[in-house]
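This briefing covers a single structure, shown below. The notes after it are grouped by topic.

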Amino acid sequence: MSRKKSRIGQMQVLFQMDVNDDFSLDSLNRFLGNFKFTDSEMEYIAQTIPVILENLETIDNTIIKSLYSWSFNRLANVDRSILRVSVYELLYRDDIPSEVSINEAVEISKEFGSKESPKFINGILGSIYRNLHK
């Protein structure tokens, strides 16, 4: 299983849900039916997205607390989706080192975000990481 490809899948399904304002498991199933992933990647995405959705309010509030002079609604959908995946990992996945999660989010933002996204994502996640480890 490629964890990076799984993270990209997580980001893409959250992006789709955000754009369509449909955070349902039906939306997840439609996504998985339309994109190619290995069985283990599909299983990982199918297991983690419901957990992210169950904890979306906490994840979003964690992001909001680190947005200085910026509103959550002003975030680009792709940046918001990348942040949601990484914050999920920071808060709920002790088996994933924080540094790996942050680095992967920055790398994914280089591929899918704007020119400013990597620096922005790194700054927000760095702030969240510091707040979690005070």
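D21 counts as exposed because its relative accessibility is 64% (exposed is over 50% relative accessible area, buried under 20% and partly exposed in between, with a 1.4 Å probe and protein chains only). The model is predicted: local features need pLDDT of at least 70, side-chain atom pairs count only at pLDDT 80 or more, and totals for chains, interfaces and linings use all residues. Residues are numbered from 1 along each chain as its sequence is written, and side-chain values use heavy atoms, with hydrogens and water left out.

**Positive phi in loops**

- D21 lies in the loop between α1 and α2 (25-34); helices here are DSSP runs (H or I, at least four residues; strands are E, at least two), numbered from the N terminus.
- The phi of D21 is near 50°, a positive value in a residue other than glycine.
- S69, in the loop between α4 and α5, has a phi near 60°, also positive in a residue other than glycine.
- S69 counts as exposed because its relative accessibility is 76%.

**Helix α7**

- Helix α7 (residues 117-132) has 16 residues and should span 22 Å at 1.5 Å a residue, which agrees with the 22 Å between its end C-alpha atoms; the expected span is 1.5 Å times one less than the number of residues.
- Buried residues of α7 are S117, P118, I121, I124, L125, G126, S127 and I128.
- These buried residues pack against α4 (56-65), α5 (77-92) and α6 (98-112), where contact means heavy atoms within 4.5 Å.

**Aromatic rings**

- The whole structure has 4 aromatic pairs (rings of Phe, Tyr and Trp, the last by its six-membered ring, with centres within 6.5 Å; planes under 30 degrees apart are stacked, over 60 edge-to-face, the rest tilted).
- F31 and F37 form a tilted pair, 6.0 Å centre to centre with 40° between the planes, and both residues are buried.
- F31, F35 and F37 are linked into a cluster by ring pairs.
- R74 lies over the face of W70, 3.7 Å from the ring centre (for a charge over a ring, NZ of Lys or CZ of Arg is within 6 Å of the centre and within 35 degrees of the ring normal).
- R80 lies over the face of F72, at 5.3 Å from the ring centre.
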